[in-house]
Amino acid sequence: QVQLVESGGGLVQPGGSLRLSCTASGSFFRLVAMGWYRQAAGKERELVAQITAGGSTNYADSVKGRFTIERDYSWNLLYLLMNSLKPEDTAVYYCNARGYSDYKTLMDSWGQGTQVTVSS
């Protein structure tokens, strides 16, 4: 239904900044939310930031005040602005889109992930 492609990851020093981008193609019957998740080595995937179809945002406590999620008007582009990066932010970051493919089927679409490494 929806295809997602992330870009913008890389190696950055502690205290630095990165901007991740997610390009979406296709559409849901009804979009529920888009967001960013991350998975560090040996850990479970966790929600980083999410923006709902109504425009509400929520963030993981560990990134509040440092990360900002943004989207374009058409929902074709999703961004994650990451400031004051810490080594513990190192992970593969995944773009997610959640929505209904019909009147009752809720589903998630995922990108392939982009590596973010915070290290001196």
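Visitor: How many salt bridges does a search of the whole structure find?
Guide: The search finds 5. A salt bridge here is a side-chain nitrogen of Lys or Arg within 4 Å of a carboxyl oxygen of Asp or Glu. This is a predicted model: local features need pLDDT of at least 70, side-chain atom pairs count only at pLDDT 80 or more, and totals for chains, interfaces and linings use all residues. Residues are numbered from 1 along each chain as its sequence is written, and side-chain values use heavy atoms, with hydrogens and water left out.
Visitor: Which residue forms a salt bridge with glutamate 46?
Guide: Arginine 38, with the closest N and O atoms 2.7 Å apart.
Visitor: Is arginine 38 buried or exposed?
Guide: Arginine 38 is buried, at 6% relative accessible area. Glutamate 46 is partly exposed, at 34%. Buried means under 20%, exposed over 50%, partly exposed in between (1.4 Å probe, protein chains only).
Visitor: And what about aspartate 61?
Guide: Aspartate 61 pairs with lysine 64, closest N and O atoms 3.1 Å apart. Aspartate 61 is exposed at 65%, and lysine 64 is exposed at 51%.
Visitor: Switching to sheets. What is the strand order in the open sheet of 4 strands?
Guide: The order is β1-β3-β8-β7, with antiparallel pairing. Strands are DSSP runs of E, at least two residues, numbered from the N terminus. Two strands pair if DSSP finds at least two bridges between them.
Visitor: Which strands stand at the edges?
Guide: β1 (2-7) and β7 (67-71). Each has a single partner strand, so one side of each lacks a neighbour in the sheet.
Visitor: How many bridges join β3 to β8?
Guide: 6 bridges join them. Leucine 18 has methionine 82 as its bridge partner in β8.
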